[in-house]
Amino acid sequence: MSQIQNPSAIPSPASLDPYWMPFTSNRRFKQNPQLLVEADGMYYTRADGKRVLDGIAGLWCVNAGHRRREIVEAISCMAHQLDYAPSFQSGHPLAFEFAEQLVSEAPAGFSNVFFSNSGSEAVDTALKIALAYQRARGNASRVRLIGRARAYHGVGFGGLSVSGISSHRKAFGNLPPYTDHLPHTYNRAEMGFSRGQPTWGAHLADDLSNLVALHDASTVAAVIVEPVSGSTGVLVPPVDYLQRLRKICDEHGILLIFDEVITGFGRVGGAFSADFFGVVPDIITSAKGLTNGAVPMGATLVRSHVYDALMQGAPDAIELPHGYTYSGHPLACAAGLAALKIYRDEELFSRAQRMSPYWEDAAHSLKGLPYVVDIRNIGLLAAIELEPIPGQPGKRGYDCHMRCLEKGALIRATGDTMVFSPPLIIEKEEVDTLFSTLTDVLKNM
Ligand code: PMP
């Protein structure tokens, strides 16, 4: 196979300049670029030839491990056979097959899948479907979308409007109106160092009743939450919190959307964490592990009552004027089907659940180390929250990330919280390596 890039060729600083990197301090990164040039299983290889243990599955997405031969071959075969097929008024068999397979993995009652190209698009699609659903049922006044503080729902205008990360929102100033936010569920004093789901905090769901009373149910279309908020530091829902949200939504005719872009595909429970938490939402968004990160793809899954409500017009009408040039792209479907086959054949979701108690113990063994103010975990997710350096939020986390990288472990910093989300194929020794690397770094900071 031809080599695209010579791993030992470290680019000159000037040649790095044109690429405007996302969610990155471009100036800082380009002074000391850390380029990854190869990946295999649990490991990346850097441009300087050093191997790095991947503690975050790329960006919460490579759940079956890197460069899986079956996925590479599926993509390659598809590219040779059908490089592209339009998805409007046309289609190709794999998109239908993948949708059918996904529905079979979804909680009972889910019937249909809308494909997009990312988590952000899956979220915007979900919000638009929720609005269209309410209008189709004669509830045109239901235009309000409710998100949550400390939520991340991607970067589209829709997702950003319901997200709750102030720095992401403030940079743009002008976001779609008619949104509101529930408080987040994190309270360190009440739930610090909880293992798995905190027992305190179910009552926080009742804030939804207050918002509904404030705005009137007749104006509210949908509520969107990540079952576990990932990007803001693995905030685990209190026991019974999601159940209470579901109940309040049902009482008021409000749709409940679970953003499962991170929690899906074995990260927490099975293909979707909804079953794990025992709550059935109306709409689920997915991406990342959907294709094992190999080809960009998003998916929005809906229950039959949502789909059916939009299928009531004239039989030849376009039911949802929405879609992307690359919806259901053949290469993405090929990657997704191959990934799903690996997840099933290797029983990776149950493997992850079996590993999870060991993972939990390993994460919580860092309690008492310098700067550690909280530890959270669920499934194969964990967060070690560090005390910020006064006046320099994020610096301790970034320094820690860089030092771990130097020691051969990729652990992500979100602010001053170190987050872990490894490929589900991780072995116990690799779990130990990840947490002992961070332990060494913290002891020597
Ligand atoms: N929703 C959630 C919960 C996410 O974690 C992310 C990405 N981290 C997104 C949406 C956006 O996905 P993407 O970056 O693929 O647009």
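Two strands are said to pair if DSSP finds at least two bridges between them. The strands themselves, like the helices, are DSSP runs (E, at least two residues, for strands; H or I, at least four, for helices), numbered from the N terminus. The structure shown here is a predicted model, in which local features need pLDDT of at least 70, side-chain atom pairs count only at pLDDT 80 or more, and totals for chains, interfaces and linings use all residues. Residues are numbered from 1 along each chain as its sequence is written.

In β10, T300 is the bridge partner of T285; T285 belongs to the pairing of β10 with strand β9 (residues 283-286), which is antiparallel and has 4 bridges. Strand β10 is mostly covered, as 6 of its 6 residues are buried (a residue is buried if 20 or more other C-beta atoms, placed from the backbone, lie within 10 Å of its own). G298, T300 and V302 point one way from the strand, while A299, L301 and R303 point the other way.

The view may now widen to the whole protein. An automatic or database assignment supplies the domain bounds: domain 1 covers 13-64 + 347-443, and domain 2 covers 72-345. Their C-alpha centres lie 26 Å apart. The contact between them takes 29 residues from domain 1 and 29 residues from domain 2, where contact requires C-beta atoms, placed from the backbone, to lie within 7 Å. On the domain 1 side, the elements that give two or more residues include α15 (348-364), β11 (372-378) and β12 (381-386).

Several of these elements meet again in a sheet. An open sheet of 4 strands has the order β11-β12-β15-β14, with antiparallel pairing. Because β11 and β14 (412-414) stand at the edges with a single partner strand each, one side of each is left without a neighbour in the sheet. From one strand to the next, the twist averages 25 degrees. Strands β12 and β15 pair over 4 bridges, with V419 in β15 as the bridge partner of A383. Helix α15 packs on this sheet, touching β11 and β12, and its direction makes about 175 degrees with that of β11; axes are lines fitted to C-alpha atoms, for helices over the stretch in contact, and angles run from 0 to 180 degrees between N-to-C directions.

Definitions and conventions: Two residues are in contact if their C-beta atoms, placed from the backbone, lie within 7 Å. A residue is buried if 20 or more other C-beta atoms lie within 10 Å of its own, exposed if 12 or fewer, and partly exposed in between; C-beta atoms are placed from the backbone.
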